[in-house]
Every structure is written in structure tokens, then in C-alpha cells.
Amino acid sequence: MIPGFVSKIPTLLKMKSWILSLLLTCISCTWHTQAEFFTSIGQMTDLIYAEKDLVQSLKEYIQAEESKLSKIKSWAEKMDALTMKSASNPEGYLAHPVNAYKLVKRLNTDWLELENLVLQDSTSGFIANLTVQRQFFPTEEDETGAAKALMRLQDTYRLDPETMSKGKLPGTKYRSSLTVDDCFGMGKIAYNEGDYYHTVLWMQQALKQHDEGEDAAITKVEILDYLSYAVFQLGDLHRAVELTRRLISLDSAHERAGSNLRYFEKLLEKERVAKLLNKTSTITESAMQGGVYERPADYLPERDTYEALCRGEGVKMTPRRQKRLFCRYHDGNRNPHLLIAPFKEEDEWDSPYIVRYYDVMSDEEIEKIKELAKPKLARATVRDPKTGVLTVANYRVSKSSWLEEHDDPVVARVNHRMQHITGLTVKTAELLQVANYGMGGQYEPHFDFSRRPFDSTLKTEGNRLATFLNYMSDVEAGGATVFPDFGAAIWPQKGTAVFWYNLFRSGEGDYRTRHAACPVLVGCKWVSNKWFHERGNEFLRPCGSTEVD
């Protein structure tokens with residue numbers, strides 16, 4: 001028997017594998033979402049711990065492999081010295097009966113033990129852990145959603161690919177950069193989505209970093225293949241030819257590039273002839289030259305105004321308006337609960353009237369509500385304007401959950417506090433909604449009140465009279481609540497809340513309250529809100545004398 005060859009590693013690894021499997025199975029019972037991680041930063045934190053566990057498991061596997069190799073190496077060195085001695089004089093060596101016995105024993109027993117050691121599988125613990133956790137890994141949908149989130153941030157905050165690639169974002173504690181392969185991956189996702197504008201931006205960045213000598217698995221030929229065709233799709237025929245020729249200079253046997261070049265040159269010749277004949281060219285001119293192209297228009301009419309407000313631009317806070325805004329202590333019209341401890345109140349906007357309250361929720365209450373909400377978080381939905389069916393939408397990227405008063409006393413306490421502050425009843429209000437925004441999390445311009453006659457709650461509880469929005473976190477950059485119609489931007493501040501009426505006193509919707517949650521550039525945004533309805537508030541907020549009172 002060779003000392004050290006009998007190892008307990010297989011038994012320990014099997015036991016560890018079983019324990020890990022059991023623990024992860026228990027964890028999976030509370031991990032409801034298997035996709036759309038990108039829509040909630042709060043839930044993405046689970047992935048950090050999952051990856052940390054996998055790294056630890058990998059290190060243990062490496063340690064086991066190194067231990068095994070150390071034993072094999074020790075055996076090999078011992079046998080090397082022995083065979084050099086025995087082979088120099090085989091008969092003389094075997095003349096000693098003990099040497100003869102040990103040779104027979106080694107070949108019959110010890111080499112078999114060595115074979116078993118070499119065949120020993122040290123991967124079982126790591127593979128078991130990886131297999132269990134893989135079912136909770138992000139999907140292709142998550143990767144696509146995450147890439148689109150970066151592009152959304154890029155557009156909204158006017159960040160060029162170089163800035164994004166180097167991770168030069170405001171308010172960041174950690175610096176992270178994108179490699180050539182990362183940039184290529186971004187461009188490829190955009191290409192697969194038919195988004196040639198972002199394909200060009202990211203393929204150009206990948207090519208730039210590649211030209212600067214950065215190591216990459218992706219070749220320049222692959223980058224140029226996508227880039228040349230995307231540029232052609234944007235109408236820049238001359239640059240498409242230039243890029244395709246560069247591709248062919250690197251790979252003269254590239255069949256698709258050769259075919260594309262002949263086609264592009266044919267179109268150029270057709271364009272040249274058309275110009276000579278003073279005919280209108282059928283070739284679409286590129287919006288700009290030099291590799292910079294105009295961003296295509298989309299479905300949102302107020303896109304430019306909305307995004308400018310998100311950047312803090314175009315806010316229509318004039319000195320005259322500023323003079324009409326005040327700070328005061330608010331006791332809820334002498335509400336007994338607020339007489340001793342009134343809330344600090346600050347006017348954010350005069351018309352429509354928007355007000356902010358300070359110290360509405362304590363840090364302990366915020367953490368408790370987040371703790372209650374996190375296991376229930378699900379992709380936030382919107383109601384289809386045609387069918388009335390709830391569905392997910394790209395213009396709302398967050399996860400939300402609904403908390404009832406019996407979930408925890410803190411929920412009831414916060415609900416009653418909002419009732420005392422507003423003077424409105426929570427009896428007909430909706431449940432407390434808690435939302436966590438994901439990568440580039442946003443909710444594009446929308447109305448809180450319903451404009452659809454088929455909403456069932458309109459008959460029983462009335463429309464959404466008012467919105468009370470609690471900010472449960474600070475946000476390092478981005479994440480403002482903006483009102484494009486009148487140019488207001490309200491920035492998140494942990495523990496504060498903003499309040500506004502969605503309806504005039506007549507019950508008609510105030511269309512000026514169309515608002516949006518800007519994409520979160522850096523940080524993790526948590527909010528909760530309470531929507532108060534008309535029913536039960538008829539005497540608490542009486543009708544006015546005109547339609548727009």
C-alpha cells in the first residue's frame with residue numbers, strides 16, 4: 001500500500017454535493033423569477049451571491065485537483081528514482097528477494113491504486129453545484145434586455161460608446177469597462193433586433209479598441225462584416241464600400257463580403273449614372289458622414305423633451321414661478337395625528353400642484369417594506385389600450401409587488417400615515433405598490449388615471465384621484481420623475497414623498513400630469529406608491545364650480 005493514496009476526497013465531495021443540492025433546492029423555493037433579472041436590480045443581487053458560491057466551489061475543485069496531482073507527482077518522482085536504480089542492473093537488483101517481492105507487489109497492487117487515483121473524479125462537487133444553479137441563471141432574454149438597457153442609457157443621457165465602454169459614469173463607486181468582445185456582443189444584439197443605428201455605434205467601438213491593440217477572441221473580419229452591412233442599411237453606401245474593401249483586404253476569400261462589394265459597387269455606379277442624367281437618386285443618403293448617424297425617430301412624440309428633462313435640461317422653473325413655491329409644516333388640516341409632529345412640506349410645482357413631504361418613512365420602515373416586497377417582485381405590467389389585458393412592455397422596465405396591511409404592521413402604519421397627510425381615505429385606495437427598477441429601469445410618459453371605459457374599477461371605486469409616491473432610496477444618477485407637458489423634474493430623495501392630483505375636482509383627467517420615471521443611470525431605485533380613488537373622497541375633496549377647478 002502506497003501512503004497517501006487512499007483519499008477521502010470522493011466521499012467528502014459527494015457529501016458536499018448532496019448538501020449543496022439540498023440547500024440550493026431550498027433557496028429555489030424562494031427564488032421565483034427565472035428570467036428578466038435585468039428588470040430589477042434588487043433581485044439581481046441574488047446573482048452576485050450565486051456567482052460567489054460558484055467561485056468558492058471552483059476553488060475547492062482546483063484544490064482537490066492540485067492535491068491529486070501532487071500525490072501523482074510524488075509517486076512519479078519516487079518511481080523514477082527507483083527504476084533508474086533497478087534498470088542499471090536488473091539481475092543484481094532482483095537478486096535481493098525483498099526487491100523481487102516489492103516489484104511484484106507494485107505492479108499488482110500499487111500501480112492499480114495509482115490508476116484509481118488518476119481516474120478519481122474531483123469535478124462532482126463543482127458540477128453538481130453548477131448544474132443546480134444553472135437553472136436560475138439569466139437567459140438570452142436577460143442578456144438582450146441588459147444590452148438594450150445600456151443602449152437606452154446611452155441615448156437618454158447622450159453617452160457615446162467610448163464613455164460607456166470605459167465605464168466613466170457619474171456617481172459610480174466601481175469602475176468597469178467593456179472589452180472588444182463585449183462591444184461586439186452589444187452590436188450583435190442590436191443587429192439581431194434590426195437596430196442598425198446601435199449596431200454601427202457598438203461595432204465601431206469594437207473596431208476602435210481592436211485597432212488599438214486590445215486582445216480579443218473576435219476578429220476584425222467579423223466586426224467589419226457586421227459593421228459594413230449595418231452602415232449600408234443606414235444608407236451610407238460609400239462607407240459601406242470602404243469598410244467592405246477593408247474586410248476583403250484582411251480576408252480575400254470571404255465569400256459574402258465579395259458578393260456585397262459587387263452589389264454595393266453596382267449601386268454606386270447606378271447612382272453615378274443617375275446624377276449624370278440629372279435624375280433623382282434612389283439611394284438613401286446617410287444622415288451624417290464620418291461614421292456618425294442620426295438616431296431614428298420612434299413612437300414617442302415627446303421623446304426629446306422627456307429625455308432632456310431626464311438629463312436636467314429644459315426644466316421650466318422660472319424665477320417668477322420659484323417665488324410662488326414655499327416650505328411649511330403640514331398638519332393635515334389640524335389632523336390630531338399630526339398636530340404634535342407635523343411633516344415638513346415643500347412645493348415642487350405650482351400648477352398642477354405638486355408637493356414633497358420629508359421624513360415620511362424611516363430607514364427601518366423602508367428596509368422592512370423592501371424585505372416584504374422582494375420575494376413577491378414580478379415584472380411590472382401595463383394594460384393594453386386595445387384589449388384591456390395586462391401585459392409587459394419595453395417602455396416599463398421594473399418589477400413590482402403589492403403589499404396588504406395584514407402582511408406586516410409597518411404596511412398599515414405607512415398607509416394610515418399617507419391618509420393623515422393627504423386627508424384622503426385609504427379604504428378605496430389600491431394596495432401599496434412597491435417597485436424596484438432594473439438596468440436602465442424606466443417607465444416612459446404615461447397617465448396614472450384611466451382613460452379606458454372598460455376598466456372595471458371605474459364603476460365601483462372611481463378613477464385614480466391622486467398619486468402618493470414614496471422614494472425609498474437615493475439614486476446616484478438618473479431616475480428622476482419628470483412631467484414633459486410643463487417641464488418639471490423631481491429627483492429621488494430617500495425618505496421623501498411627492499403627491500399630486502390626477503383629476504380635476506370635476507372628475508375630468510388632468511392631462512398635464514402625464515409623467516415618466518427616467519432610466520436609472522447609476523444606482524438602485526426603490527419606490528412605493530398609493531393610488532387614491534374617487535369613491536369615499538367625495539366629501540373630502542368636493543367638486544369645484546368649473547370643469548378645471
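Phenylalanine 483 is buried, with a relative accessible area of 0%, where buried means under 20% relative accessible area, exposed over 50% and partly exposed in between, for a 1.4 Å probe and protein chains only. Tryptophan 500 likewise counts as buried, at 2% relative accessibility. The structure is a predicted model, in which local features need pLDDT of at least 70, side-chain atom pairs count only at pLDDT 80 or more, and totals for chains, interfaces and linings use all residues. Residues are numbered from 1 along each chain as its sequence is written, and side-chain values use heavy atoms, with hydrogens and water left out.

A pair of aromatic rings is described by the distance of the centres and the angle of the planes. Rings of Phe, Tyr and Trp (its six-membered ring) pair if their centres lie within 6.5 Å; planes under 30 degrees apart count as stacked, over 60 as edge-to-face and the rest as tilted. The search of the whole structure finds 21 aromatic pairs. In one of them, the ring centres of phenylalanine 449 and tyrosine 511 are 5.4 Å apart and the planes stand at 85 degrees, so the arrangement is edge-to-face. This pair links distant parts of the chain, 62 residues apart: phenylalanine 449 is in the loop between strand 8 (432-446) and helix 17 (457-460), and tyrosine 511 is in the loop between strand 13 (497-501) and strand 14 (515-517). Here helices (H or I, at least four residues) and strands (E, at least two) are DSSP runs, numbered from the N terminus. Phenylalanine 449 is buried, at 5% relative accessible area, whereas tyrosine 511 is partly exposed, at 47%.

Phenylalanine 483 and tryptophan 500 also form an edge-to-face pair, with 5.2 Å centre to centre and 85 degrees between the planes. Because phenylalanine 483 lies in strand 11 (residues 481-483) and tryptophan 500 in strand 13, the pair ties together parts that are 17 residues apart in sequence. Elsewhere, ring pairs join Phe184, Tyr191, Tyr196, Tyr226, Tyr229, Phe232, Tyr263 and Phe264 into a cluster.

Charged side chains also meet aromatic rings. A charge sits over a ring if NZ of Lys or CZ of Arg is within 6 Å of the ring centre and within 35 degrees of the ring normal. Lysine 525 lies over the face of tyrosine 437, at 4.7 Å from the ring centre. The charged end of arginine 541 is placed over the ring of tyrosine 501, 3.7 Å from its centre.

The search finds one disulfide, defined as a pair of cysteine sulfur atoms within 2.5 Å. It is formed by cysteine 310 and cysteine 518, whose sulfur atoms are 2.0 Å apart. The link is left-handed, with -85 degrees about the S-S bond. Cysteine 310 lies in helix 13 (residues 303-310) and cysteine 518 in the loop between strand 14 and strand 15 (520-522), so the pair ties together parts that are 208 residues apart in sequence. Both cysteine 310 and cysteine 518 are buried.

The backbone deserves a final look. Most residues other than glycine have a negative phi, and most peptide bonds are trans. The peptide bond from serine 351 to proline 352 is cis, with omega near 0 degrees, and proline 352 is placed in the loop between strand 2 (343-349) and strand 3 (354-357). Asparagine 333, although not a glycine, has a positive phi of about 55 degrees; asparagine 333 belongs to the loop between strand 1 (327-330) and strand 2 and is exposed, at 73% relative accessible area.
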